[in-house]
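Please open the model in a viewer and keep the selection panel at hand. The stops below are given in the order in which they may be selected.

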Amino acid sequence: MDSFVIEGPAKLSGQVRASGAKNAALPELFATLLTDEKCEISNVPELADIKSTLGILSYCGKRCSFFANKVSCLEQADIKTEAPYDMVRKMRASVLIAGPMLARFGHVKFAMPGGCAIGVRPIDIHLSAFSKMGAEVSFQGGDVILKSKKLKGAKINFKFPSVGATENVMMAACLADGESVIRNAAREPEIEDLATVLNKMGANILGAGSEIIKINGVKKLSGFSHEVISDRIEAGTFMIAASALNSEIAVYGARKEHLGILCRKLILSGAEIHNGRDHILVRAPQKIKPVSIYTGPYPLFPTDLQAQWMAYMSLAQGTCKIKENIFENRFMHAAELMRMGAKIELKGNVANVSSSKGLIGAPVMASDLRAGAALIIAAMAANGKSIIKRVYHIDRGYEKMEEKLFSLGASIKRVKE
Ligand code: UD1
């Protein structure tokens, strides 16, 4: 298990480029299961979750190569329509095999994903939509089995705009008979990027990026070539880091239309934001003002930036509230931040953050991906040395994090244990 050793306080300067979006690349890799033709995806970040997905695709019968951030997938053999527990437990997004497999082969068996560090994370929204489309849903020995002769288009109202369910159902509906309408669909930019891929494959999808998505089923989908959009969460993490570290940096690949609420909150905290053609320039505040946030589905404040915001706010002068509305257990980073001197009080899904006397380096533990990113920001802002353990969580979602931060001027080193 690797750790990061960070000496603070750091000041960042220069420019950095956000990698391709993990959360767009993952569903797009699963979309290759909808066709037997060659698919090419570029700007794919080299991350543990991507490698797990390629492992699942190979297990199912695809031959995938991954070189210089480009994935190329060919169908090699008869497709096995299953994902066993050992693969699913590594990465929850593997439930995204369900929609493509069910639509193309009429059958899929996959291990029911368990909970994780941030919450229970059920998949009822996915399953009830598939059953509305005519699939038979059963459970056996920890597996979910979905069967259907031919999926039928259906009118589906999501009780919550789940990102994964929107992607899964959109992929399934592409090869279903007739029209499907998803209401209360998730609107994240990654959904739009997936719809672009599916339309390149010959699907007929309208409205992705809005609350209502209409999909007219087609008989067959073809291969495609696509470049994944930049990772708005990675870009946002760098923007928060610069603001926390009294720094000025340019984040390339950051798009203001994907980061609207973060830009507004950073400006309220006193930071300056300048939009360039392919980058956002962030200049830190003289004094960080406290700014409350609550998380919600896009375009509200992303839960995937909540932990980083908490690290930032523990450096502010004054008090603010952080409310987590998406996941029930996403404050694991708070206790670690408190070990570094942050003043945080937790009440259910609300964290009250007040001014501290400054953060002090300490050994801490990343409990999940974004918690890890928050601890990196805190460690770079703190006085002295911090050791962040369980870096494998960070490696799941940030490509070359330490190299990028080092090139911006941070003192960060990976050590192997
Ligand atoms: C995706 C992102 C993740 C992000 C999350 C919320 C990927 C690979 N992951 O996860 O980084 O944190 O969106 O923006 O894109 N829910 C149910 N039933 C369901 C599905 C979801 O109750 O069937 C609940 C979840 O438990 C959670 C909430 O809905 O509380 C949001 O989940 P969802 O939007 O589905 O997140 P993911 O797609 O898993």
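Helices (H or I, at least four residues) and strands (E, at least two) are DSSP runs, numbered from the N terminus. The model is a predicted one, in which local features need pLDDT of at least 70 and side-chain atom pairs count only at pLDDT 80 or more, while totals for chains, interfaces and linings use all residues. Residues are numbered from 1 along each chain as its sequence is written, and side-chain values use heavy atoms, with hydrogens and water left out.

**Backbone stops**

Select N69 in the loop between β4 (62-67) and β5 (70-75). Although N69 is not a glycine, its phi is positive, about 60 degrees. With a relative accessible area of 26%, N69 is partly exposed (buried means under 20%, exposed over 50%, partly exposed in between, with a 1.4 Å probe and protein chains only).

Next, go to K400, in the loop between α13 (392-395) and α14 (401-407). K400 is likewise not a glycine and has a positive phi of about 50 degrees; its relative accessibility is 40%, and K400 counts as partly exposed.

Then select P9, in the loop between β1 (2-8) and β2 (13-17). The peptide bond that joins G8 and P9 is cis, with omega about -5 degrees. Another cis peptide bond runs from Y298 to P299, with omega near 10 degrees; P299 lies in the loop between β18 (293-294) and α10 (306-313).

**The open sheet**

Display the four strands in the order β10-β11-β13-β12; they form an open sheet with mixed pairing (two strands pair if DSSP finds at least two bridges between them). Because β10 (155-157) and β12 (204-206) stand at the edges with a single partner strand each, one side of each is left without a neighbour in the sheet. From one strand to the next, the twist averages 15 degrees.

Inside the sheet, β11 (residues 179-183) and β13 (residues 213-216) pair in the antiparallel sense over four bridges. Select I182 to find its bridge partner in β13, I213.

**Two packed helices**

Which angle do helix α1 and helix α7 make where they pack? Select residues 22-31 for α1 and 189-200 for α7: the angle is about 30 degrees, and the axes are 9 Å apart. Axes are lines fitted to C-alpha atoms, for helices over the stretch in contact, and angles run from 0 to 180 degrees between N-to-C directions. The two helices, α1 and α7, are therefore roughly parallel to each other (angles under 35 degrees count as such).

Definitions and conventions: Angles under 35 degrees count as roughly parallel, over 145 as roughly antiparallel, 65 to 115 as roughly perpendicular and the rest as oblique.
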